[in-house]
Every structure is written in structure tokens, then in C-alpha cells.
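These are my notebook entries on one protein chain. I set down what I looked up, entry by entry.

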Amino acid sequence: MAGIYLHIPFCRNACHYCDFHFSVSKIQLQRMINAMVTEIMRRKDYIKDEINTIYFGGGTPSFIPVLYIDTLIKTIKTNFNIAKDPEITLEANPEDINFSYLQNIFKIGINRLSIGIQSFYGKDLEFLNRCHSVKQAKMSIISSREVGFKNISIDLIYGFPGLKKTRWIKNIETAINFHVEHLSAYHLTYETGTVLNHRKNKRRIIEIEENESVEQFMELTTRMKSAGYLHYEISNFALKGFYSRHNTGYWHQIPYLGIGPSAHSYNGFSRQWNIAKNMSYIKKVESDKKYFETEILNLQTQYHDYIITSIRTMWGTDTEFIKDNFGAMYYKHYIINARKFVDSGDLMADGTRYYLTEKGMCISDFIIKSLFLDEV
Ligand code: SF4
């Protein structure tokens, strides 16, 4: 099984926290789609396995006409071996969603929606510089249901200045009351080059205290779990059977092909990343020049990738897998270091598997770094 990710690099405006690759100008849209179609055809041999998931991310896939999404899906279908019931996800923003738009994407085969809600409060949306209103956020879920979508994920953000615990709880409860199948909830991070990072550096906004972050995370996990959701990855919750198949593929080291500017690909032995500039990507694809960088993964990088991706999930890391795939030295290093975190209550051991506890999830970056083996 494998996945295909398509990066649609256009957005209506720049959200104040976002450092993804996108352009707010759609002048080159037609050329971009043509280049992506060309890339799909050229790279049909990158993955031999059956394609189980297709994911339209960005950027804002719902910002471009449905016709283009349809063209990309059809090109994939004629160039790859597609599984019988592929998960086909489209990231959409509430301001783009109306009944006829939803009917159109439903018709072309999108069977999972990932809606960028972020908050059900106008004040938060304004702070984050989102384009949609609270009404649009709620209507996007209601209309998606009416059209027949049975697999809806929404995104929420927490941990930003001004977000009080009571409002955060209401956001979580609203998501639960909508019975969405999946929730991705991300703590704000201050990425270089973003407006919020600039404001923080100028001390125009102040980061929330660590204890508040932890409190908001704990509210999230407690409330989602008591509503019947599985906390299957640090930032992700799903009702049974509704894990994101595509993202779970990343965490299980399943190969994927990335199409479009800034998209990454992985085949188990190497990683590739496309140039993150729209015009350069288009021109290089059009003139059949190299538009990506490649890194061959050595054993150490493969081990680090395994730790980063698997420890985040409820399936955890498997020491047998480490022994079989990376050898005794990595195995020994892992066991010695993981034991310290088991003793401190940050990791839980169950046979050969090790998982993060909720306490451990709050310091996951530190734990991951400690499990790395930097000098070989
Ligand atoms: S958060 Fe989404 S909509 Fe906002 S700028 Fe980033 S990619 Fe675009």
C-alpha cells in the first residue's frame, strides 16, 4: 500500500501562524495544474505498490476550481494502480464551502474532508487571520453532512495568546457535538517568518505559560476520550475506524509520492523534496529539468525517522522491529534510554512496545531527541 500527496500551493490570504508554501496569486494556476499533471505522469514508476490514499493538501485545495482536482484524480487513476476503496481527502476552508461545491467534490470521488475550522470564536479567527466567519465554520460541517460526507475531520488550534481555558473547552465541546469523525488539534508554534513570530519577537504578544499549554492539552485529551474518540497520535483523535489512513501511512513508514511544489516523497530508502517556489517548479517541470533534491537514507537516519514517526502514535515503537531492522547497537541504546522515561512516567512499556503517556506527550520532542543515537 502507498499514498499520493498533492500540494495545491494557493491560498486566499496568509494566516498569521502559517509557514507552509503557498501563493495568494492564482495567475499561474492553469500552468501549475499542467505541471502537476506532467509530474504525476513522469513519476508513475516511483511507487509500484497499490495506491490506498490520495491527499489534497496545501495551501488550500478548496480555493481552486473542482475541475482541476478532477483532472488530477483522473491522471492519477490512469497512471497508478489504485486500491478498490481508496481514501481520497481534500483539505477545505469554510469560506469556500457551499452546497453545490460540496456536491461537486463528492461527485468526483472525494470521500474525506479535512476542514480548517481552527476555532468557533470570531475573536480567535481574527487573531489567527483566518478568512471565514463562525457561521461559515459551522455551516461547512452541516452542509458536508447534508451532501453525504461520512468522514469529516476538522482542525482546531490552541495554546495561542488570549485563548482562555473556558473558550478552548467550548471549542472542543462544539467539535464533539458536531459528531465529526476526526479531530486534529495543534498547539500554536511560532514559525520563522510568520506574523505571529514577528509580533512575539517584538513583544507585542506574549507566549502563554507552559502550565496553561499543558492544561489545555489535558482538557483536550480528557474530553475527547470521554466522548469516545481514540487518541491515536499526539495531535489526532478519531472515532473507531476513522483514523486518517493517509497520515497513518506516514507514521508507519509506508511509501508516498508527493506532487507539486514543496511536496515530499519517501520510498523507504530515500526522501525527495520538490522545490518550494511556484514559478521555478513550473518552469523546471515544463523544461524537464531537475526540480527536487534527494537524500539517500542511511541506517541512522532511518532509525531516527522510525522513532520520530512511530513514538507519536498509539501503536508506539517496537523494540523487536528496532533489533531486526537496525541491529543490536540501536536496540541497546533504545532500551537503556527508554527505560529512564518509563521510570519517570513519560513512556509506558507493553511487551516489546513503548508508547508516550499523556505526560510524555508534553515533552515528546525531548524524549525523541534522547532516543536518537547521534554518534555511531
Ligand atoms: S493555514 Fe492553510 S489557509 Fe492559512 S495560509 Fe496556511 S495553508 Fe493557507
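**Entry 1. Overall form**

What radius of gyration would a compact globule with 376 residues have, and what does the protein have? I noted that the rule for a compact globule gives a value near 21 Å, and the protein has 21 Å, which agrees. The radius of gyration is taken over C-alpha atoms, and the globule rule is 2.2 Å times the number of residues to the power 0.38.

The model is predicted, so I recorded its terms: local features need pLDDT of at least 70, side-chain atom pairs count only at pLDDT 80 or more, and totals for chains, interfaces and linings use all residues. Residues are numbered from 1 along each chain as its sequence is written, and side-chain values use heavy atoms, with hydrogens and water left out.

Along the principal axes, the C-alpha atoms fill a box of roughly 55 × 50 × 45 Å. I found 15 helices and 15 strands in the protein; these are DSSP runs numbered from the N terminus, helices being H or I with at least four residues and strands E with at least two.

I then looked up burial. Of the 376 residues, 55% are buried. Buried means under 20% relative accessible area, exposed means over 50%, and partly exposed lies in between (1.4 Å probe, protein chains only). The protein exposes about 17,200 Å², and carbon and sulfur atoms supply 54% of this area. Accessible areas come from the Shrake-Rupley method with a 1.4 Å probe, and for residues only the protein chains shown count as cover.

Contacts (heavy atoms within 4.5 Å) came next. Among contacts with a separation of 6 or more, 70% are between residues 24 or more positions apart.

**Entry 2. The nonpolar core**

I looked up the largest nonpolar core and found that it has 99 residues. Such a core is a set of buried Ala, Val, Leu, Ile, Met, Phe, Trp, Tyr and Cys residues joined through side-chain atoms within 4.5 Å. Leu-6, Phe-56, Ile-110, Ile-154 and Leu-220 have the most contacts inside this core. Helix H1 (residues 29–42) gives the largest share of the core, 7 residues.

Which residues does Leu-6 touch, not counting those up to four places away in sequence? I listed Met-36, Ile-40, Ile-54, Tyr-55, Phe-56, Gly-57, Leu-72, Ile-76 and Ile-259.

From there I turned to Ile-54, placed in strand S2 (residues 51–58). Ile-54 counts as buried because its relative accessibility is 0%. Ile-54 and Leu-6 are 48 residues apart along the chain, and their C-alpha atoms are separated by 7.7 Å. With residues up to four places away left out, Ile-54 also touches others, including Ile-4, Glu-87 and Thr-89.

I checked Asn-34 in helix H1 as well. Asn-34 is partly exposed, with a relative accessible area of 41%.

**Entry 3. The ligand shell**

Which residues surround the ligand? I listed Cys-11, Asn-13, Cys-15, Tyr-17, Cys-18, Phe-22, Gly-59, Thr-60, Asn-93 and Arg-130. A residue is near a molecule if one of its heavy atoms lies within 4 Å of it.

By class, the shell has 5 nonpolar, 4 polar and 1 charged residues. Ala, Val, Leu, Ile, Met, Phe, Trp, Tyr, Cys and Pro count as nonpolar, Asp, Glu, Lys and Arg as charged, and the others, Gly among them, as polar.

Gln-118, in strand S4 (residues 112–118), is in contact with Tyr-17 and Arg-130, among others. Gln-118 counts as buried because its relative accessibility is 6%.

**Entry 4. Backbone geometry**

Most residues other than glycine have a negative phi, and most peptide bonds are trans. I therefore looked up the departures.

A cis peptide bond joins Gly-58 and Gly-59, with omega about 20 degrees. Gly-59 lies in the loop between S2 and helix H2 (66–79), and Gly-59 is also one of the residues around the ligand.

Asn-129 has a positive phi of about 65 degrees although it is not a glycine. I found Asn-129 in the loop between helix H4 (122–128) and helix H5 (134–147), partly exposed at 24% relative accessibility.

Asp-288 has a positive phi of about 55 degrees. Its loop runs between helix H10 (278–286) and strand S12 (292–296), and Asp-288 is exposed, with a relative accessible area of 54%.
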